[in-house]
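Hello,

Here is the structure I promised to pass on to you.

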Amino acid sequence: MLRGACHCGTVTWLFDGMPDSTTVCNCTVCRRYGVLWAYDYEGERIKISGDTATYSWGDRTIGFYFCKTFGCVAYWRALELNSEARRRIAVNLRLAEPDEVAVIPVYRFEGLV
């Protein structure tokens, strides 16, 4: 199980198990946040806690959630359920201990297209 937390500890997440990979995206938002995303579905392998604020832009299909105190981006979450009534979510692995995520392969996503 992986655990992540913002600097002040207000926002935390748990990832049950180990992700197969992590994603670095170079879109206009992700490259500014400097995040490493690990994906699953809300309430399945990913559990979130803590008070957050949200930023959404463009077609507003996802929201970026960050700590209201520290400002650290903890996760993104789909704003609507998919056709299977599941909600996609990704946690920021930069909030976990570096040694725990160092072995996870990194996939580079071309988000500027």
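This is a predicted model: local features need pLDDT of at least 70, side-chain atom pairs count only at pLDDT 80 or more; totals for chains, interfaces and linings use all residues.

**The chain as a whole**

The protein chain holds two helices and ten strands. Read from the N terminus, the order of elements is β-β-β-α-β-β-β-β-β-β-α-β. Its radius of gyration is 13 Å, close to the 13 Å that the globule rule gives for 113 residues, so the chain is as compact as a globular protein of that length. Along the principal axes, the C-alpha atoms fill a box of roughly 35 × 30 × 30 Å.

Of the 113 residues, 38% count as buried. The chain exposes about 6600 Å², and 51% of that comes from carbon and sulfur atoms. If we take the contacts with a separation of 6 or more, 55% of them are between residues 24 or more positions apart.

**The largest pocket**

Which residues line the largest pocket? The lining is made up of Cys-25, Cys-27, Cys-30, Trp-37, Tyr-39, Trp-57, Gly-58, Asp-59, Thr-61, Ile-62, Phe-64 and Trp-76. The space in this pocket comes to about 220 Å³. Strand S4 (37-41) and strand S7 (62-67) each supply at least two residues of the lining.

You will find Val-29 in the loop between strand S3 (22-25) and helix H1 (30-33). Its relative accessibility is 8%, so Val-29 counts as buried, the cut-off being under 20%. Leaving out residues up to four places away in sequence, Val-29 touches Tyr-55, Trp-57 and Phe-64. Trp-57 and Phe-64 are also among the residues that line the largest pocket.

**Two threonines**

Thr-10 sits in the loop between strand S1 (2-5) and strand S2 (12-15), while Thr-52 belongs to strand S6 (residues 52-55). Is each of them buried, partly exposed or exposed? Thr-10 has 34% relative accessibility and so counts as partly exposed. For Thr-52 the value is 16%, and Thr-52 therefore counts as buried.

Their contacts can be read in the same way, with residues up to four places away in sequence set aside. Thr-10 touches Ser-49, Gly-50, Asp-51, Cys-67 and Thr-69. Thr-52 is in contact with Val-11, Tyr-65, Phe-66, Lys-68 and Tyr-75. The C-alpha atoms of Thr-10 and Gly-34, which are 24 residues apart along the chain, are separated by 20 Å.

Most residues other than glycine have a negative phi. Which phi values go the other way here? Arg-60 has a phi near 55°, a positive value in a residue other than glycine, and for Ala-85 phi is near 60°, again positive. Arg-60 lies in the loop between S6 and S7. With a relative accessible area of 52%, Arg-60 is exposed, because the cut-off is over 50%. Ala-85 is found in the loop between strand S8 (73-78) and strand S9 (88-92), and at 55% relative accessibility Ala-85 counts as exposed.

**Two further loop residues**

His-7 lies in the loop between S1 and S2, the loop that also holds Thr-10. His-7 counts as exposed, at 68% relative accessibility.

Val-103 is in the loop between helix H2 (98-101) and strand S10 (106-109). Val-103 is exposed, with a relative accessible area of 67%. Between the C-alpha atoms of Val-103 and Ala-90, 13 residues apart along the chain, the separation is 18 Å.

That is what I have for now, and I look forward to hearing your thoughts.

Best wishes

Technical notes: Residues are numbered from 1 along each chain as its sequence is written. Side-chain values use heavy atoms; hydrogens and water are left out. On a 1 Å grid over the protein atoms alone, a cavity is a set of points where a 1.4 Å probe fits but cannot get out, and a pocket is an open set with protein on both sides within 12 Å along at least five of seven lines; lining residues have an atom within 4 Å of a point. Grid points are joined across faces, edges and corners, and a volume is the space filled by probe spheres set on the points. Helices (H or I, at least four residues) and strands (E, at least two) are DSSP runs, numbered from the N terminus. The radius of gyration is taken over C-alpha atoms; the globule rule is 2.2 Å times the number of residues to the power 0.38. Buried means under 20% relative accessible area, exposed over 50%, partly exposed in between (1.4 Å probe, protein chains only). Contact means heavy atoms within 4.5 Å. Accessible areas come from the Shrake-Rupley method with a 1.4 Å probe; for residues, only the protein chains shown count as cover.
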